[in-house]
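I opened this notebook to record what I looked up in the structure.

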Amino acid sequence: MSWSKTFLEWTQDHTAYLSVVFTWDLPAAYQRAVWLREQGYTVKAGGPAVMLMPDYLADVAECNGEQVPALKRHNPHATFTSRGCIRRCPFCAVPRIEGALRELDDWQPAPIVCDNNLLACSRAHFDRVVDRLKPLSGIDFNQGLDARLLTDYHAGRLAELDCMARLAFDSVGYETDFMRAFELLRSAGFPKFRVRAYVLIGFQDTPADALYRLRTVAELGIDPNPMRYQALDALEKNSYVGEHWTHSELGRYMRYWSNLRYLRGVPFEEYDGQKRKPVPSGAWF
Ligand code: SF4
């Protein structure tokens, strides 16, 4: 169920298509577009990164013109049942590139559900989604479920699925909603291993704030999934360093909390952030 690691490219007749998800892949996409043009192709580019920075490829490709479905090329197991979002979180690209929430009528059931905010959809849409996903296994709401909107009705219906529920704990201000959503999922029958929590770090927080949220999640017995903030126009991944952080401290947080299952015996305060990714005990290398 893996995603493509960089921008995608395919050709049809004399047209080459580039689909670029992350802005830090734009420099490589630019070089590729130059080469494709030299081979005689008309180059067309789209995707979230091109929508965020429409000028970057403008002199080597036609950008954001024709709508070409590319999701299945990035991951054949992925689907969207809605696009857009009701919120405008300042760290998120969705409000800028997708706009207001809209429910889709025509979508194919698939296990990786990429909706930005499924719980903001109408009850009728949510019920249709659950009903159509029911025959599938290994469902993952990989963009997270909005803890502020989760109700016992949602939790009960989601528990009918063989699914992973992902919440987000992006700010201490969301703690009450996050805890309430976690308890609703547990009461509906979700085992802890079927709940995960995204934890945004390095945006407007401090290391102490991030540590509190990461520890709170871990103490619930679920794995935090730390997400390092990336500027929406970053041409290099991990180049943004918030005012309360250093590059090395962000790296230390990411390495430790992304590998908590191997590091439970190592107190975070004693963790040497310069070490490479830890090797699981018993591994032969
Ligand atoms: S709720 Fe999620 S998708 Fe919507 S703006 Fe906030 S982070 Fe983005």
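I began with the pairing: strand 2 and strand 3 run parallel to each other over five bridges. The model is predicted, and local features need pLDDT of at least 70, side-chain atom pairs pLDDT 80 or more, while totals for chains, interfaces and linings use all residues. Residues are numbered from 1 along each chain as its sequence is written, and side-chain values use heavy atoms, without hydrogens and water.

Strands (E, at least two residues) and helices (H or I, at least four) are DSSP runs numbered from the N terminus; two strands pair if DSSP finds at least two bridges between them. I noted Gly 46 in strand 3 as the bridge partner of Ser 19. The open sheet has four strands in the order 1-2-3-4, with mixed pairing. Its edge strands, strand 1 and strand 4 (62-63), each pair on one side only.

I then turned to helix 1. Its buried residues (under 20% relative accessible area, 1.4 Å probe, protein chains only) are Leu 26, Ala 29, Ala 33 and Leu 36. They line one face of helix 1, because they fall within an arc of 75° seen down the axis, taken from the directions from the axis to the C-beta atoms. The face turned away carries Gln 31 and Glu 38, both exposed (over 50%). Just after helix 1, Gly 40 has a positive phi of about 100°.

Last, I listed the residues around the ligand (a heavy atom within 4 Å): Cys 85, Arg 87, Cys 89, Phe 91, Cys 92, Pro 95 and Asn 116.
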